[in-house]
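Hi,

Here is the structure I said I'd pass on. Have a look at it first, and my notes on what turned up are below.

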Amino acid sequence: MTVETETISYREAVRLALQEALRADPRVFLMGEDVGHYGGCYAVSKGLLDEFGEQRVRDTPLSESGFVGAGVGAALGGMRPIVEVMTVNFSLLALDQIVNNAATIRHMSGGQFSVPLVIRMATGAGKQLAAQHSHSLECWYAHVPGLKVLAPATIADARYMLALALDDPDPVVIFEHVMLYNETAPLPNDNDRQAMDKAALRRSGNDLTLITYGGSLPKVLQAAELLSQSGIDAEVLDLRCLRPLDTSAIVTSVARTHRVVIVDEGWRTGSLAGEISAIIMEQAFWELDAPVARVCSKEVPIPYPEHLEQAVLPQPEDIVNAAKQLLGVS
């Protein structure tokens, strides 16, 4: 007898995670712009207001600094707030609360206070939302001591990372790439739950390592499949957690394949890809048979026209070309 497995979307996986958290712990509540009556900008929280009411699913004024600050205060007061920031660029209005308050209170209180706050935000390009709503600023947050930064790229991580973040006593920022919300996969089970701060090997290989995270993972897996058609065996490492980085997984993979392409939707200058490259140079230099290569977005504001937007973003063919250049094949 064949048992059919339900298929769900990334969006539905995040909603299940929110629903589970709200049911399991009365201290948990969700707040942000349009999360309640509208159901969320990307329909992630649709239906949660009907089940949990306005005290647990709270629509906020259009003031990121105000409601993120309220989340910091609620966390200090013993609650477990989940704050949704509609898009990553809007989080810039709350940088003071995130960087100066949430990230520093444990240190500045000598360990007396913790801030168990989870901040979710949509990130990335590909939806034709133009320059102000298409940023990939994960690297900015991964730069800040006191924060943990997650980038779930699979349905399983979208389903289970939230619970792990809520269990953490310190602030956690979760980046959900806009191009992943419609991705589908079989409903994950508890066996798919992985430690929050560990990278995941999504594909084994011997010829080179492709390192990425978040919305770039499907493109990298597509590139790995294209490379296999040319007889090139590429390994794919999904970072999942951007702070702290799983440097051990990075170094282990490099030691196995000896060549690396880092794929990062952020701009190249000051990118997370640059930091990963430096880690490889410092900890695995003698394992390299070629310089580390990076595939990043072009250094321009993200264009609105679809053909220009796609032209500035890393694409599977860009990754394939970078890999072949490392290997000296055409």
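**Salt bridges**

Glu-176 is buried, with a relative accessible area of 3%. Before going further, keep in mind that this is a predicted model.

The partner of Glu-176 is Arg-120: the two form a salt bridge, and their closest N and O atoms are 2.7 Å apart. Arg-120 sits in strand S5 (residues 118-123) and Glu-176 in strand S7 (residues 172-177), so this contact ties together parts of the chain that are 56 residues apart in sequence. Arg-120 is buried too, at 2% relative accessible area.

The total for the structure is 14 salt bridges. Another one joins the side chains of Arg-202 and Asp-157, at 3.2 Å from N to O. That pair also links distant parts of the chain, with Arg-202 in strand S9 (residues 200-203) and Asp-157 in helix H7 (residues 155-167), 45 residues apart.

Arg-27 is partly exposed, with a relative accessible area of 35%. Asp-25 has a relative accessible area of 18% and is buried, because the cut-off for that class is under 20%.

**Helix H7**

Since Asp-157 belongs to helix H7, a few words on that helix. How many of the 13 residues of H7 are buried? The count is ten, so the helix is mostly covered. Among the buried ones are Ile-155, Ala-156, Ala-158, Arg-159 and Tyr-160. Further along, Leu-162, Ala-165 and Leu-166 are buried as well. H7 is also bent, by about 35 degrees at Met-161, and Met-161 is itself one of the buried residues.

**Aromatic rings**

As a reminder, a pair of aromatic rings is described by the distance of the centres and the angle of the planes. The count comes to four aromatic pairs.

Tyr-10 and Tyr-181 make an edge-to-face pair, 5.8 Å centre to centre with 75 degrees between the planes. Tyr-10 lies in helix H1 (residues 10-24), and Tyr-181 in the loop between S7 and strand S8 (184-186), so the pair ties together parts that are 171 residues apart in sequence. Both Tyr-10 and Tyr-181 are buried.

For Tyr-141 and Phe-175, the ring centres are 5.7 Å apart and the planes are at 55 degrees, so this pair is tilted. It is another link between distant parts of the chain: Tyr-141 is in helix H6 (residues 138-142) and Phe-175 in strand S7, 34 residues apart. Tyr-141 is buried at 1% relative accessible area, and Phe-175 is buried at 1%. Ring pairs also link Tyr-10, Tyr-42 and Tyr-181 into a cluster.

**Cysteines**

How many disulfides does a search of the whole structure find? The search finds zero. Cys-241 counts as buried, at 1% relative accessibility. Cys-41, by contrast, is partly exposed, with a relative accessible area of 32%.

**A nonpolar patch on the surface**

Last item: which residues form a nonpolar patch on the surface? They are Met-281, Phe-285 and Trp-286, and together they have about 410 Å² of accessible area. Trp-286 is placed in the loop between helix H10 (272-284) and strand S14 (293-297). With a relative accessible area of 79%, Trp-286 is exposed, because the cut-off for that class is over 50%.

Cheers

Conventions. Residues numbered from 1 in each chain as written. Predicted model: local features only at pLDDT ≥ 70, side-chain atom pairs only at ≥ 80, totals over all residues. Heavy atoms only, no water. Patch = residues over 30% accessible without salt bridge, like charges linked within 9 Å, V, L, I, M, F, W, Y side chains within 5 Å. Areas by Shrake-Rupley, 256 points an atom, 1.4 Å probe, with all protein chains shown as cover. Salt bridge = Lys/Arg side-chain N within 4 Å of Asp/Glu carboxyl O. Helix = DSSP H or I, 4+ residues; strand = E, 2+ residues; numbered from the N terminus. Buried < 20%, exposed > 50% of the residue type's maximum accessible area, 1.4 Å probe, protein only. Disulfide = S-S within 2.5 Å. Bend = angle between axes of the 7 residues up to and from the residue. Phe/Tyr/Trp six-rings, centres within 6.5 Å; stacked < 30°, edge-to-face > 60°.
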